[in-house]
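Dear colleague,

I am handing over the structure below, and after it you will find my notes on what was found in it. Please keep the structure open while you read, so that each residue can be looked up as it comes.

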Amino acid sequence: MGWIPCSGISDSKKKKKKKHPDHNQIRPSSAGSQKSTSGSSSTGREVPQSGGSDHNHIAAQTFSFRDLATATRNFRADCLLGEGGFGRVYKGCLENNKVVAIKQLDRNGLQGNREFLVEVLMLSLLHHPNLVNLIGYCADGDQRLLVYEYMPLGSLEDHLHDISLGQKQLDWNTRMKIAAGAAKGLEYLHDRASPPVIYRDLKCSNILLDEGYHPKLSDFGLAKLGPVGDNTHVSTRVMGTYGYCAPEYAMTGQLTLKSDVYSFGVVLLEIISGRKAIDNSKSAGEQNLVAWARPLFRDRKKFMQIADPTLQGQYPTRGLYQALAIAAMCVQEQPNLRPVIADVVTALSYLASQKYETDQAAHKAQLAPCTPPRAKRDGNNKKLNGVGHGSDRERTKKLS
Ligand SMILES: Nc1ncnc2c1ncn2[C@@H]1O[C@H](COP(=O)(O)OP(=O)(O)OP(=O)(O)O)[C@@H](O)[C@H]1O
Ligand SMILES: [Mg+2]
């Protein structure tokens, strides 16, 4: 049995251990009832079929509570990675030396159990490079634990909002890579799973980062099977997180794929602006990110004001406009005006493929002994100035 290098947890992680559960979480109101116009239920009889190729495989492994206590050295405090609304997450090492993340659900009765079941069911059936992998679970007595692949770079939230002293800020290219990857995960749920899966809990803390900032969506406990047949929505209790919840869903409980697109738009705005979806420490007009950004969307000249100041202007102007245009479309009040996620993937994949060279990198290149021929240098300058992407506008237009 190999022990995990708990001592190797960075200072930033140590700081995060104190993190408290998210109080912006929307829990079901007692008045709500769970009904579905489509007839599917979250623990239901219909199960999503993966749209991928090798996915008729495996149920998750089962573990005993003892296995997981051993893996986390009895849930030692220095193995704690973080804590969310459903419980604590520990870093652990299985007998085969595989490093994992183990989520121990609070023993808070039925609701936690439902989410546990949905998570196991969904993640056993759905597999995609941009979804976190569930290795197994434990349902010993009243203990409920989930065992995931370990994501070494933590969550997007850790890199956008919970930055520790000396931690590197995400650069523009990495931000676009994360946005495009997260959109691909959502596209898989919406367009390739059958019936479609509405994720319902898209937010920065649920986008986990693998080596190289490869993003994976996590936490499927709130996911719902989407509408089937002629139905356009499923009716359900309003759950999710304030600031990310689409307005029509918050008001009526009618959930559609476009509710996820709205949440995605909020995440994209956070990625671009570095601001939180809800930030109570800001002045009244700036607490809600979407409400603050909406008037700025109307005036292109104000787009720069939305960009994260910590980027220090190191982004392509055209790329910023396009990313903001996508975010603005996703957070439209009218769900039918929001784009489908496949179009968002097309637009963001294009933006992610256009690597921005920072001033510093460009400067270094110019000082390098092997100065490239003039024509090539001009090409680089073009990229820096954001010129020469003739097809950009076309791509973005496709969304509208
Ligand atoms: N597979 C994983 N690998 C590495 N770290 C993880 C993993 N899963 C979760 N974490 C860490 O644990 C923290 C808590 O995760 P958790 O999903 O419980 O809560 P949350 O996402 O912050 O809130 P919520 O309960 O609303 O989803 C995350 O922010 C992340 O830093
Ligand atoms: Mg989470």
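**Notes on the structure**

Val 120 lies in helix H3, which spans residues 110–125. Please bear in mind from the start that this is a predicted model. Is Val 120 buried or exposed? Val 120 counts as buried, because 21 other C-beta atoms lie within 10 Å and the cut-off for being buried is 20 or more. Leaving aside neighbours within four places in sequence, Val 120 is in contact with Ala 60, Leu 134 and Tyr 137. The C-alpha atom of Val 120 is also separated by 9.9 Å from that of Val 147, although the two residues are 27 apart along the chain.

Next comes the nonpolar core. The largest such core has 98 residues, and those that touch the most other members are Ala 183, Leu 268, Ala 327, Cys 330 and Leu 348. If we follow Leu 348 and again set aside its neighbours within four places in sequence, we find it in contact with Met 176, Ala 179, Ala 180, Ala 183 and Ile 326.

Helix H7 (257–273) has 17 residues and reaches 25 Å from its first C-alpha to its last, which is close to the 24 Å expected at 1.5 Å a residue. Of the 17 residues of H7, 17 are buried, and therefore this helix is largely enclosed by the rest of the structure. Just after H7, Gly 274 takes a positive phi of about 75 degrees.

In helix H8 (residues 289–297), the buried residues are Leu 289, Val 290 and Ala 293. These three cover an arc of only 80 degrees around the axis, so they sit on the same side of H8. The face of H8 that is turned away from the buried side carries the exposed residues Ala 291 and Pro 295. What covers the buried residues of H8? The cover includes helix H7 and helix H9 (303–306).

Several backbone details in the loops also deserve a careful look. Ser 194 and Pro 195 are joined by a cis peptide bond, with omega at about -5 degrees, and Pro 195 has its place in the loop between helix H5 (172–192) and strand S8 (197–198). Tyr 213, in the loop between strand S9 (207–210) and strand S10 (214–217), has a phi near 60 degrees, a positive value in a residue other than glycine. Tyr 213 is partly exposed, with 17 other C-beta atoms within 10 Å. Gln 312, which is placed in the loop between H9 and helix H10 (317–330), has a positive phi near 50 degrees and is likewise a residue other than glycine. Gln 312 counts as exposed because it has 11 C-beta neighbours inside 10 Å.

Finally, there is ligand 1. Which residues come nearest to ligand 1? Of the 23 residues around it, these are Gly 82, Gly 84, Gly 85, Ala 101 and Ser 205. The elements that give two or more residues to this shell are strand S3 (80–84) and strand S5 (99–105), and the largest share, 4 residues, comes from S3. By class, the shell around ligand 1 has 9 nonpolar, 9 polar and 5 charged residues.

With best wishes

Terms used. Residues are numbered from 1 along each chain as its sequence is written. Chains are lettered from A and ligands numbered from 1 in the order in which they are written. This is a predicted model: local features need pLDDT of at least 70, side-chain atom pairs count only at pLDDT 80 or more; totals for chains, interfaces and linings use all residues. A residue is near a molecule or strand if its C-beta atom, placed from the backbone, lies within 6 Å of it. Ala, Val, Leu, Ile, Met, Phe, Trp, Tyr, Cys and Pro count as nonpolar, Asp, Glu, Lys and Arg as charged, and the others, Gly among them, as polar. A residue is buried if 20 or more other C-beta atoms lie within 10 Å of its own, exposed if 12 or fewer, and partly exposed in between; C-beta atoms are placed from the backbone. The arc is that of the directions from the helix axis to the C-beta atoms. Two residues are in contact if their C-beta atoms, placed from the backbone, lie within 7 Å. The expected span of a helix is 1.5 Å times one less than its number of residues. A nonpolar core is a set of buried Ala, Val, Leu, Ile, Met, Phe, Trp, Tyr and Cys residues joined through C-beta atoms within 7 Å.
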